[in-house]
Amino acid sequence: MYPFQYQRATTPEQAVAAVAKVSGAAFVAGGTSQLDLMKEDVLRPSLLVDVSPLPLKTISAFEGGLRLGAGVSNTAAAIHPEVQARYPAVSEALLAGASTQIRNMASMGGNPLQRTRCPYFRDPAQPCNKREPGTGCAALKGLNRVHAIFGASTACVATHPSDLAVALAALDAQVQVTGPGGTRTIAFPDLHRLPGDTPQQDTTLVPGELITSIDLPSFTGRSHYLKVRERASYAFALVSCAVALEMDGKKIRRARVALGGVAHKPWRVPAAEALLAGKKPSEKLFRAATEVAFADAKPLEHNAYKLTMGRNLMLRALLETSGLQPLQGPAGTAFAASVGGVGGE
Amino acid sequence: MPDELQPLLPTGATVPNCELPDGTRLHELRGQPVVLAFASIDWNPAQVYQSEIFTRLLQEFDAGISSLEARTTTWHSLDWHSEAATQLGVTGQRALLLLDEQGVLRWQTTVTPGQEIRPGQVLAALEALRPPMSVTGEAPAAAGGVSRRTFLTATLAASALLLLVGASTAAEPVAATKNHPPMLPTPPADTVPITLTINGKTHRLEVEPRVALLDALRENLHLTGTKKGCDHGQCGACTVHLDGQSALSCLTLAVMGEGRQITTIEGLAQGDDLHPVQAAFVKHDAFQCGYCTPGQIMAAAALVQDKQKRSAAEIREAMSGNLCRCAAYPNIIAAIQETQTA
Ligand SMILES: Cc1cc2nc3c(=O)[nH]c(=O)nc-3n(C[C@H](O)[C@H](O)[C@H](O)COP(=O)(O)OP(=O)(O)OC[C@H]3O[C@@H](n4cnc5c(N)ncnc54)[C@H](O)[C@@H]3O)c2cc1C
Ligand code: SF4
Ligand code: FES
Ligand code: FES
């Protein structure tokens, strides 16, 4: 690992000022993405500002919803009774991600900001526009089985790896940030960006902007998260899907669907959401929605399987969320979220 | 590692009249650009593989300019322990030197063996050496600039990087561009004093901020019960407890452990009384080689704290971050099941 300076943050303002004024400075929270990439020599920050001591570790009621402090661990958020009862998609996404140890370390602020798992990005010997702008994209003509089918550019075809982010996008969570220019609120779907010709920029945050909380808005419908991975547990999603469904009697008042593992950001499918609104849930309707959702997918050489897998997964997520098909395990657990079961059962 | 590195030649210096392996001397090669590439003479398949990547990078960088003319360039691949390496101050290092027609050193880079080649460094070198183009598209053979011919050599030189240099420290920092910050030598690392509370005991130590808690435990404090498996958060062998919860010591900085209660496998037993999970592992023969075992036990001990009764499937899911190469899984599950109902 390349040497760096280390500072423990005392207040959010001090942390922001410290990172904003030093070029190449970065925050570290749980360290599970940041330190991993520093060990791989992918990242070489000059200064690490440790935000884990900050008093941002509470979950509290907020405007009818819940405020998850940026320092709340993935474990604490996942097993919080209010999160499990009111936002099961969030618990399911968290518990289907990583391992117990990593969930204990990882944080609400760090998880959505983890970097892509594109294997070329993680290998400094490979050209990669995200890691070293201008060097090219090794994945475009290389092995791109785990890469994007939506919203990619010729500069970068990476996907965003976070499970939590997909659930937060479907729930229209809000991100509170404080930065060198003051505080602001970002709608979760606007936190991440598409690669375009500047894939080095994952998000719309400016240097020094610190996430202070993730706010879940008031929500009375059902939500659910489903994830397909290559082994029963402890693997990133090939494709995932979060659904938030609000009913009006027997009809769908509003449906929100976000797909994971398919784009540079959690991929909302507005056309499919519009198709679902005002209709009675049925398998036929849901199938039609999946066709609409994947209509503009553009597979690469090795990832066309994500179209079929994604459509099937989205159909199942809609069937399970609406109750037309039972969940695979108790709501709010990894068992509900895991396609193919977990733990070898 | 050489005992003492000789200083590198400054860019712009005329190189000494070294003898090359075929008996020619450098001064005899004046009138043509020369690339000197130093590497270990051991065969390295990774370097061969990387050559393809960089060739492509070069082609994409400037397809038009590479021409047959470049083939007239003289190449010399040299052993990094040769006489010439000593004279040029690059003994034992991967290095690449570019000399112009006058035998003047135009560009050089050296790297520490074992480090990765960074495509961005090749690009930065290319950009730094790109001659200003005239309107006709011909590069001027200007006094201050690099002649077209030298530039062609430079592109070749960059393609040699692939074979010969793993990037990191450019001896002569290449001019920075917006996207490519200068490659600077590794700055000297400062240590910081820290106090860690491990198994109830206070330890004071001096570490660099980049030292992982795992390495501080094993190397500084000789608490070698905690194992290093993958070093990247993927296997669970390094599991310890931080404030009572399982955590990975390989992805925790030692400096981040200050102010926290750290428990390692050494701190689990109370004197001669094994922790119930330890006793159950012994009883159920929940290991073969034992390498993953401290991590498994620490993860399991944290899991059973809540006294919840979990099904085998729930235990498997909760323990999925601890890999066992010997596949002692059924016995590990049995040991945990017994402990949680005890
Ligand atoms: C083996 C392994 C398997 C994994 N599997 C999964 C998985 O299946 N699903 C999944 O979703 N994730 C998975 N992860 C990723 C893990 O969940 C993330 O690394 C973690 O959530 C990141 O949180 P952190 O607190 O550790 O962030 P850090 O690593 O500390 O930081 C990550 C980034 O966020 C920035 N940052 C941190 N906090 C803030 C803040 N408050 N404001 C602004 N910037 C901030 C940091 O500067 C850094 O850029 C896995 C990781 C590993 C190592
Ligand atoms: S897909 Fe993006 S992250 Fe992966 S190699 Fe290409 S530019 Fe890099
Ligand atoms: S050594 Fe830490 S998880 Fe493998
Ligand atoms: S006992 Fe050998 S790795 Fe688990």
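Tutor: A molecule sits in a cavity if more than half of its atoms lie within 2 Å of its grid points. The cavity itself is a set of points, on a 1 Å grid over the protein atoms alone, where a 1.4 Å probe fits but cannot get out. This is a predicted model, with local features needing pLDDT of at least 70 and side-chain atom pairs 80 or more, while totals use all residues. Residues count from 1 along each chain, chains are lettered from A and ligands numbered from 1 as written, and side-chain values use heavy atoms, without hydrogens and water.

Student: Which ligand sits in the largest cavity?

Tutor: Take the cavity test above. The molecule in the largest cavity is ligand 2.

Student: Which residues come nearest to ligand 2?

Tutor: There are 14 residues around ligand 2 (a heavy atom within 4 Å). Those that come nearest are A:Cys118, A:Cys128, A:Cys137, A:Cys156 and A:Val157.

Student: How many residues in the shell around ligand 2 are nonpolar?

Tutor: Cys and Val count as nonpolar. The shell has two polar residues and one charged residue. Its nonpolar count is 11.

Student: What separates the centres of domain 1 and domain 2 of chain A?

Tutor: Domain 1 of chain A is 5–52, and domain 2 is 224–328. These bounds come from an automatic or database assignment. Taken over C-alpha atoms, the centres are separated by 36 Å.

Student: What radius of gyration does chain A have?

Tutor: The C-alpha trace of chain A spans about 55 × 50 × 40 Å along its principal axes. A compact globule of 345 residues would have a radius near 20 Å (2.2 Å times the number of residues to the power 0.38, over C-alpha atoms). Chain A agrees with that, at 19 Å.

Technical notes: On a 1 Å grid over the protein atoms alone, a cavity is a set of points where a 1.4 Å probe fits but cannot get out, and a pocket is an open set with protein on both sides within 12 Å along at least five of seven lines; lining residues have an atom within 4 Å of a point.
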